[in-house]
Structure formats: C-alpha cells, structure tokens
Amino acid sequence: MCVADVAASVLFTPASRHVMLAAGSRSVHSTPWISPGGQCMGMISLHASRPGTHITTAEGHALDALAAEAAAWAVWRQTTRVHDALEDLRTSAATSAHRTEW
C-alpha cells in the first residue's frame, strides 16, 4: 500500500496523521508480512519526507521478498517457541515422575 501524501490521506485518523507528520513522514509505502497460511505477521513500512515519493518496481519486488522472508522467520520462530515450551513441559514432567516423595 502506498500513501502518496500523509497530510491528505483519509487512511489516517487525525491523531495518527499528526504523529506521522510530526515525525517528518509525508509519504509511506507499507508491505505486509504474509505467512504461507495467509496470516498477517507484521508490516514493513518505508517513510519519505516528501509527499509523492514512490518506490521503484524493483524496490517493490525486493521489499516483497524481504517481507516474505520476515513472515517465514516469524512463523518459524513462533513454531520453535511452541516446540521449546512443549519440550520444557515434557522434561519437567519426566523429572517429576522420577521423584519419589512419599
């Protein structure tokens, strides 16, 4: 998604527009991180200080590739954390089962 002029865009609330303009962002291009399952995992946004600033087609393709890699990493990380938590639970249960506290 590209917003050519933050000051004139209806996509921003008055408060968010104020924050963007105060930060010096006059145009923005955002690309979502989409997982293989179609879930939005995050967003990469490029901000420019001039309204009407656009990225090139090549930059858009590179940004799409980066977003795809970021989404794949986020899915891997989420899966790894779940796996690590289950492994920790299994280890704790095995340790508890070997204790005899009668």
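Predicted model: local features only at pLDDT ≥ 70, side-chain atom pairs only at ≥ 80, totals over all residues.
Trainee: What makes M20 count as buried?

Mentor: Buried means under 20% relative accessible area. M20 has 16% relative accessibility, so M20 counts as buried. The residue sits in helix α1.

Trainee: Which residues is M20 in contact with, leaving aside its neighbours within four places in sequence?

Mentor: Those are V6, F12, S25, V28 and H47. Take H47: it is 27 residues from M20 in sequence, with the two C-alpha atoms 9.2 Å apart. Contact here means heavy atoms within 4.5 Å, a cut-off for heavy atoms in general and not for C-alpha atoms alone.

Trainee: What makes the pairing of the H29 and T31 side chains a polar contact?

Mentor: The distance is 3.4 Å, and the cut-off for a pair of N or O atoms is 3.5 Å.

Trainee: And L11, is that one buried or exposed?

Mentor: Exposed means over 50%, and L11 has 55%, so L11 is exposed. L11 lies in the loop between β1 and α1. Together with M1 and V10, L11 forms a nonpolar surface patch of about 370 Å² accessible area.

Trainee: Which element has the highest mean pLDDT, and which the lowest?

Mentor: Helix α1 has the highest, 96, and helix α2 the lowest, 84. The chain average is 88.

Definitions and conventions
Residues numbered from 1 in each chain as written. Heavy atoms only, no water. Patch = residues over 30% accessible without salt bridge, like charges linked within 9 Å, V, L, I, M, F, W, Y side chains within 5 Å. Areas by Shrake-Rupley, 256 points an atom, 1.4 Å probe, with all protein chains shown as cover. Salt bridge = Lys/Arg side-chain N within 4 Å of Asp/Glu carboxyl O. Helix = DSSP H or I, 4+ residues; strand = E, 2+ residues; numbered from the N terminus. Buried < 20%, exposed > 50% of the residue type's maximum accessible area, 1.4 Å probe, protein only. pLDDT = per-residue confidence, 0-100. Polar contact = N/O pair within 3.5 Å; in protein donor to acceptor, adjacent residues only side chain to side chain.
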